[in-house]
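I wanted to look up the aromatic side chains. My notes follow.

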Amino acid sequence: MRVHDQHNRASMPRLGRRGFLAGAGLLALGACTRSPVGSPGPRPAAPTAAPAPDAGLRRTADRYRPRFHFTPPSGNLADPNGLVHFDGEYHLFHQSDGSWSHAVSADRWYWRDLPTAVPSTEASLALSGSAVVDHHDTSGLFGGGAGLVTVFTSTATGEAQSIATSPDGRTFTPYDANPVLPNDGRTDFRDPKVFRHQATGRWVMVVATGDQVSLFGSADLRDWEHLSDFGAGIGLHSAVWECPDLFPLPLDGDPAREKWVLHVSVGDSDATEGSTAQWFVGDFDGTTFVRDGDPAAVDVTDFGQDFYAAQTWSDDPTGGRTWLGWMANWRYPYQAPTGDWHGAMSVPRELALETRQGRPRLVQRPLSTEPLRAGTTGWTGFELSGVTTLAHRGTTFELVATVSWDDAVEEVGVRVRSDGAGAHVATGLRPRDGQVFLDRSASGTEPLPARDGSTVAFGRRTAAAGDTTPGRTYEIRVLVDTSSVEVFLDEGQNVGTNLVFTDPAHDGVELYADGGALTVHALEIHDLEAIWTT
């Protein structure tokens, strides 16, 4: 989180967030559709009842309230903070105007609100950070037992890193000798991510420092020493780097081929038409992170407009690596037409590092929606050209399609939130261009006010390079909620997230192919239940 826009460097225009906290059935075949191949009729699955929400998360229902994404009951939600598993629960802390709001869950879908964990005070805000379980009381703050340590950016003496402790995951006590990592004169010095580095037996903290990151080490979470810096001349530098994360992943699932991923969000700039995020893969020896490959190459985390400040869960008992991000953009962070609440989290996403097109790629797949599914309809084996309208209507569902296309195809994809008369959100690929895309330009969403007082041309088409090799099968996965669309293309190699504020009556689903034919090998739509009640 940032505090004062006036501190933004002139070389990095429109950096973002400081000013806010300072102030505050059947296929309905279209006319151009070819005759179906195989059996295009519906293959209904037995409905799966969704379990009762975890302790009854309650929210008010309104025009744009997401059904299966976490949102605040009121007020502003921003960066996820302190994602950790502790005492049998997943914890989700998040920014709320300079305080840490708090929720817990057994499965990362159904959440339960808890009181504010780390509040702001008259002297200091509690900005973004992380949390770790001090299993062996290395801090000496738990009387020999285990406890939870939150690490956050405080602001009483400029941006500095402070801690608060909890023996039970409910009550948090600020450390009486905060800050544990004072500010050394830097304007941008925030968003600490802390983890235990087993090989060196110490804690490591990654802090965003302008348009790079600095790494620090500690034996006890209280006394820190500088280890190294990363980022100068590497990757994207259109704005400040924020909310770093550093974690290992096995390449292609092989523990003997472990690599490290460094992730940073990049603030609002004209160069990227808003905020964005990027990732690096390389090696980390406990002191220094060294990136593999071309230093100047840029790997964008999400090619949509609305995924920021992603953080992974610490101490995940599954042994995997899962994160979620803030579905928003620093060009219009709290300007959405959502009444007295603003902001939502993305769905949780499982991460993997896989060799794709000859190099390691960060792959994201949504956490299984099985707990949310209220019913499934499926189709197999049909071919189409032009537009095909599915006999399924809805605004909260997951669509999974396995497709291939002929050599004549110019563009293929899926349209959701369609009104049947031209309004829709589209995603898919252009094989000849080697591109994938996410397009909300025809969604019917009105322009939004930007945080700087200008107007945001909200309806945009964004694209990224993808593997559109002829002759292959391809997975298109789309998660649609009341005011968002998340797409996971090519089994998670290309991921895009967009907010969409359109008419609730726009609930149609279409498949299309321009210039050639699309073969749909399998298609399922899972209707998804809400994670809250009124």
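The model is predicted, so I kept local features to pLDDT of at least 70 and side-chain atom pairs to pLDDT 80 or more, while totals for chains, interfaces and linings use all residues. Residues are numbered from 1 along each chain as its sequence is written, and side-chain values use heavy atoms, without hydrogens and water.

I then searched the whole structure and got 24 aromatic pairs. Rings of Phe, Tyr and Trp (its six-membered ring) pair if their centres lie within 6.5 Å; planes under 30 degrees apart are stacked, over 60 edge-to-face, the rest tilted.

I looked at Trp241 and Phe280 among them. This pair is tilted, with 5.7 Å between centres and 35° between planes. Trp241 is in strand β15 (residues 241-251) and Phe280 in strand β17 (residues 274-284), so the pair ties together parts 39 residues apart in sequence. Strands are DSSP runs (E, at least two residues), numbered from the N terminus. Trp241 counts as buried at 1% relative accessibility. Phe280 is buried too, at 0%.

Back to Trp405 and Tyr474: the centres are 5.8 Å apart and the planes at 70°, so I logged the pair as edge-to-face. Trp405 sits in strand β25 (residues 397-405) and Tyr474 in strand β32 (residues 474-481), so this pair links parts 69 residues apart in sequence.

I also noted one aromatic cluster of Tyr64, Tyr332, Phe458 and Phe501.

Key: Helices (H or I, at least four residues) and strands (E, at least two) are DSSP runs, numbered from the N terminus. Buried means under 20% relative accessible area, exposed over 50%, partly exposed in between (1.4 Å probe, protein chains only).
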